[in-house]
Amino acid sequence: IKNKINKKYLFENKKLKNKKGGLYILLNEINKIKEKGVTKDELQRVKDTIISQFIIKQAPSFIAEHYGYQLTFKQPHILTLEETENIYKNISLQDINNMCKLLFDFTKMNICILFNYKEKDIINYLYDKFYKKKNLTI
């Protein structure tokens, strides 16, 4: 997950009613997805978006990029656009929720914060806001 959070809003956002900063909000949302999964409607909206991009991007440059990536990474079977589209269409709610539980493992998560913060301060923040209060499923 890649996200940009302004430095002054990383830990606290005084503009919000609950004052929660971007780091808290992001980790809390990841935890909700891990715990509860995504809904059927959320999955369908994402699938529709991805599939519509396939339809819109039928330009030669997109097609070249589609096949180029597969050749670059030496895929054993080169997928056509239609085959790739069918893969997306066939992703089930159970598939995606199982993958969320697997990928969103907070014991293996790395966080990269590119600001002038001390590692100790970030660890203490995470411990106080999540681990100590058991707000994250570890």
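Reader: How much of the chain counts as buried?
Author: In this predicted model, 24% of the 138 residues of the chain count as buried. The cut-off for that word is a relative accessible area under 20%.

Reader: Why is Thr 84 called buried?
Author: Happy to show you. Buried means under 20% relative accessible area, and Thr 84 has 11%, so Thr 84 is buried.

Reader: What does Thr 84 touch, not counting residues up to four places away in sequence?
Author: Phe 54, His 66 and Leu 79. A contact here means heavy atoms within 4.5 Å. Thr 84 itself sits in helix H4, which covers residues 81-89.

Reader: What makes up the secondary structure of the chain?
Author: Six helices and zero strands. Read from the N terminus, the order is α-α-α-α-α-α.

Reader: Why is the chain called more spread out than a compact globule?
Author: Good one to ask! For 138 residues the globule rule gives 14 Å, while the radius of gyration of the chain is 19 Å; that is well over the rule, so the chain is more spread out than a compact globule. Along the principal axes, the C-alpha trace spans about 50 × 30 × 30 Å.

Reader: Among contacts between residues at least 6 apart in sequence, how many join residues at least 24 apart?
Author: That share is 61%.

Key:
Residues numbered from 1 in each chain as written. Predicted model: local features only at pLDDT ≥ 70, side-chain atom pairs only at ≥ 80, totals over all residues. Heavy atoms only, no water. Helix = DSSP H or I, 4+ residues; strand = E, 2+ residues; numbered from the N terminus. Buried < 20%, exposed > 50% of the residue type's maximum accessible area, 1.4 Å probe, protein only. Rg over C-alpha atoms; globule rule 2.2 N^0.38 Å.
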